[in-house]
Amino acid sequence: MFLACAVAITLAGTRMSTLADRLADRTGIGEAIVGGVALGIATSLSGVVTSITAAADGHAALAVSNAVGGIAAQTVFLAIADIFYRNVNLEHAAASALNLMQLGLLILMLALPLAAALTPEVSLFAVHPISPVLVVAYITGLRLTERARQEPMWQPRRTRETRRDEPDADSFAGPPTPVLVLSFGLLAVVLAAAGWGVAKTGGTIAEATGLSQSLVGALFTATATSLPELVTTIAAVRRGALTLAVGGIIGGNTFDVLFLVAADIAYRDGSILHAVGERDLFLLVWALIMSATLLLGLLRRERRGPGGIGFESLALIAIYAAGVGVQAVLR
């Protein structure tokens with residue numbers, strides 16, 4: 001059942017990147033916004049359902065590790081996509097001020113629950129006060145991003161390798177826009193249903209194998225529910241929608257932090273941030289380090305590093321591997 005849900009997530013995610021690219025062109029909103037919000041949220045639905053279900057079943061570590069482990073997995077997916085894009089470093093070609101703003105918001109939102117978990121335990125109706133703060137921060141960040149899109153204060157330097165976010169002619173062919181929106185919504189429902197299956201089977205796998213919920217969540221369920229991001233990112237890169245690819249990962253990661261809010265509400269034995277151990281808090285640090293590394297890469301905009309990919313891609317792969325090693329040792 002776990003594998004079947006993972007396959008369903010992969011197939012649905014494949015189709016979503018094409019729909020998102022067409023909707024970005026037709027609506028004029030742009031790839032960074034559609035990728036960071038619509039595609040990022042839709043491909044994260046399986047993950048949020050997984051965390052909510054795990055939290056409601058009392059599996060606090062599984063819920064938190066699934067949320068934060070997914071952020072680490074999805075960030076390293078950009079390094080994989082960089083390998084597929086052979087022209088130049090992906091972070092150089094996909095220069096976007098909006099993606100930088102989204103990444104700054106992500107780092108802030110990762111730091112807030114970490115700070116809350118390290119302070120004395122406090123909750124209101126079994127929910128930590130930081131949970132509503134995260135929601136406010138997310139909404140405020142989206143408003144600032146949209147304002148920056150309408151009235152940009154600065155632009156990245158254009159080079160021959162920079163891919164502009166311009167509409168493709170074939171985006172206006174085919175079914176009308178309402179049909180595309182409906183198809184996008186139906187695929188999102190499929191992702192949510194598959195996420196419920198992943199949560200149920202993930203808890204059973206942890207109990208049957210004797211592995212910790214943190215390890216199962218960070219590696220198994222987080223990777224399975226993150227497959228749409230991998231598929232949509234590679235598909236977007238191959239279509240030339242580079243800003244959509246990077247924005248989809250960063251926006252999805254930012255939305256994934258809200259998994260902690262949903263899990264905190266679903267977990268009824270107090271604040272979920274104080275129900276987890278050090279290995280789960282290590283995941284927040286892991287995600288912060290990877291996000292900061294990606295931010296440096298987007299700012300540096302190296303044209304081509306060793307092996308044809310940027311230094312940040314090599315660093316992301318190494319950091320992810322090191323984090324997996326730490327999780328295996330802590331199991």
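Me: Which residue's side chain has a polar atom 2.8 Å from the backbone oxygen of Gly141?

Reply: That's Thr145, whose side chain puts a polar atom 2.8 Å from the backbone oxygen of Gly141. A polar contact is a pair of N or O atoms within 3.5 Å; within protein, one must be able to donate a hydrogen and the other to accept it, and residues adjacent in sequence count only if both atoms are side-chain atoms. Bear in mind that this is a predicted model: local features need pLDDT of at least 70, side-chain atom pairs count only at pLDDT 80 or more, and totals for chains, interfaces and linings use all residues. Residues are numbered from 1 along each chain as its sequence is written, and side-chain values use heavy atoms, with hydrogens and water left out.

Me: Where is Thr145 found, and is Thr145 buried or exposed?

Reply: Buried means under 20% relative accessible area, exposed over 50%, and partly exposed in between (1.4 Å probe, protein chains only). Thr145 has a relative accessible area of 2%, so it counts as buried. Thr145 sits in helix 7 (residues 130-150). Helices (H or I, at least four residues) and strands (E, at least two) are DSSP runs, numbered from the N terminus.

Me: How many helices and strands does the protein have?

Reply: The count is 13 helices and zero strands. Of the 331 residues, 58% are buried. Contact means heavy atoms within 4.5 Å, and residues 24 or more positions apart supply 87% of the protein's contacts with a separation of 6 or more.

Me: At what angle do the axes of helix 8 and helix 9 cross?

Reply: Axes are lines fitted to C-alpha atoms, for helices over the stretch in contact, and angles run from 0 to 180 degrees between N-to-C directions. Here, helix 8 (residues 177-209) and helix 9 (residues 213-225) have axes that come within 10 Å and cross at roughly 145°. Helix 8 brings Val198, Gly202 and Ala206 to the contact, while helix 9 brings Gln213, Val216, Thr221, Ala224 and Thr225.

Me: Which side chain makes a polar contact with that of Thr221?

Reply: The side chain of Asn66 does, at 3.0 Å. Asn66 belongs to helix 4 (residues 60-84) and is buried, given its relative accessible area of 1%. Leaving aside neighbours within four places in sequence, Asn66 also touches others, including Gly47, Ser51 and Phe259.

Me: Which residues have the most contacts inside the largest nonpolar core?

Reply: A nonpolar core is a set of buried Ala, Val, Leu, Ile, Met, Phe, Trp, Tyr and Cys residues joined through side-chain atoms within 4.5 Å. The largest one holds 93 residues, and Met109, Leu110, Val257 and Ile272 have the most contacts inside it. Helix 11 (residues 242-266) gives the most to this core, with 15 residues. Not counting residues up to four places away in sequence, Met109 touches Leu134, Ala137, Tyr138, Thr254, Val257 and Leu258.

Me: What is the relative accessibility of Pro113?

Reply: Pro113 is at 0%, which means it counts as buried. Pro113 lies in helix 6 (residues 97-117), with its C-alpha 8.9 Å from that of Val257, 144 residues away along the chain.

Me: And what phi does Phe125 have?

Reply: A positive one of about 55°, although Phe125 is not a glycine. Phe125 is in the loop between helix 6 and helix 7, and is exposed at 71% relative accessibility. Ala126, also not a glycine, has a positive phi of about 65°, but Ala126 is buried at 15%.
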